Amino acid sequence: MHVESSTTLGRLRRLELSPARYFQLTLVSLGALWLIVVTGAALRLTNSGLGCRHWPGCEKGAPLPAKDYHAFIEFGNRALGGIVILVVLLTAVAAFFVPGLGRGRRLAVAIFVGTLAQAPLGYLAVHSDLHWPVVAAHLLLSMALLAGAVVLSLETLVLRSGSVEPFAPRELRLWSLAVAAAAGILLVTG
């Protein structure tokens, strides 16, 4: 029994992911979340939010978009959203194989759950004809997920370097918090 459990433990140890590799994965996840925000902005700026009136396909009975500029932008954002969900899922699962990550595991899972929640919010946005409270919730959740991904990357960077010393002087950190608070107020008030 003891030999069998030590063999299992040995296999699990081989599945460990180094903080350096996980940091790279968090950067990919952060980039994917940033890219979906950029394509969401392009969707909004081109007025393509209702380019596909059906969900998850584009039109009823036609899962792919017709030859319409707005439909391609809307559908492209949806397709990218699926890829982002997979990348963030991989990041959340991988978090459980990084020794010493601690609360970063919960954050990685929360980012995945939030990213997954974007799909029904997107559906509600289309179904409500882009009613502003639904679109605002979609945007605010995107910003929260992006911020969470930045925090996860920074926590992993600290774990990778083995240092807990602040990256920046105290005054700069305080100013950064003030800027983040101002940006948050700007986002909420529109």
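1. Helix α5 spans residues 132-161, 30 residues in total, and its first and last C-alpha atoms are 43 Å apart, close to the 44 Å expected at 1.5 Å a residue. That expected span is 1.5 Å times one less than the number of residues in the helix. Helices here are DSSP runs of H or I with at least four residues, strands are DSSP runs of E with at least two, and both are numbered from the N terminus. After α5 comes G162, which has a positive phi near 75 degrees.

2. The model is predicted, so local features need pLDDT of at least 70 and side-chain atom pairs count only at pLDDT 80 or more, whereas totals for chains, interfaces and linings use all residues. Residues are numbered from 1 along each chain as its sequence is written, and side-chain values use heavy atoms, with hydrogens and water left out.

3. The protein has six helices and zero strands. Read from the N terminus, its elements follow the order α-α-α-α-α-α. Of the 190 residues in the protein, 29% are buried. Buried means under 20% relative accessible area, exposed means over 50%, and partly exposed lies in between, with a 1.4 Å probe and protein chains only. Among contacts with a separation of 6 or more, 66% join residues 24 or more positions apart; a contact means heavy atoms within 4.5 Å.

4. Which residues of α5 are buried? They are V134, S142, L145, L146, G148, A149, L152, S153, E155, T156 and L157. An α-helix has 3.6 residues a turn, so residues three or four places apart point the same way. The buried residues of α5 pack against α2 (19-45), α3 (69-95) and α4 (103-127).

5. Apart from neighbours within four places in sequence, L145 is in contact with L33, A110, I111, G114, T115 and Q118. L145 and A110 are separated by 35 residues in sequence, and their C-alpha atoms are 8.6 Å apart in space.

6. The packing of α4 with α5 has an angle of about 160 degrees, and the two axes are 9 Å apart. Axes are lines fitted to C-alpha atoms, for helices over the stretch in contact, and angles run from 0 to 180 degrees between N-to-C directions. α4 and α5 are therefore roughly antiparallel to each other. Angles under 35 degrees count as roughly parallel, over 145 as roughly antiparallel, 65 to 115 as roughly perpendicular and the rest as oblique. The two helices α4 and α5 make a left-handed crossing. By class, the contact of α4 with α5 comprises 16 nonpolar, eight polar and two charged residues. A crossing is left-handed if the near helix is turned anticlockwise from the far one by less than a right angle, and right-handed if clockwise. Ala, Val, Leu, Ile, Met, Phe, Trp, Tyr, Cys and Pro count as nonpolar, Asp, Glu, Lys and Arg as charged, and the others, Gly among them, as polar.

7. The loop between α4 and α5 holds D129 and L130. D129 has a positive phi of about 55 degrees although it is not a glycine. L130, also a residue other than glycine, has a positive phi near 60 degrees. D129 counts as partly exposed, at 45% relative accessibility, and L130 is partly exposed at 22%.

8. How do α2 and α5 pack, and at what angle? The angle is about 165 degrees, with the axes 9 Å apart, and α2 and α5 are therefore roughly antiparallel to each other. Their crossing is left-handed. Residues of α2 including F23, L30, L33 and W34 meet residues of α5 including L145, L146, A149 and L152. The contact of α2 with α5 has 17 nonpolar, four polar and one charged residues by class.

9. Helix α2 itself has 27 residues and reaches 38 Å from first C-alpha to last, close to the 39 Å expected at 1.5 Å a residue. Among its buried residues are P19, Y22, F23, L30 and L33. Elements that cover the buried residues of α2 include α3, α4 and α5. N47 follows α2 and has a positive phi near 60 degrees.

10. E74 lies in helix α3 and is buried, with a relative accessible area of 5%. Beyond neighbours within four places in sequence, E74 is in contact with L43, S48, G49, G51, C52 and V126.
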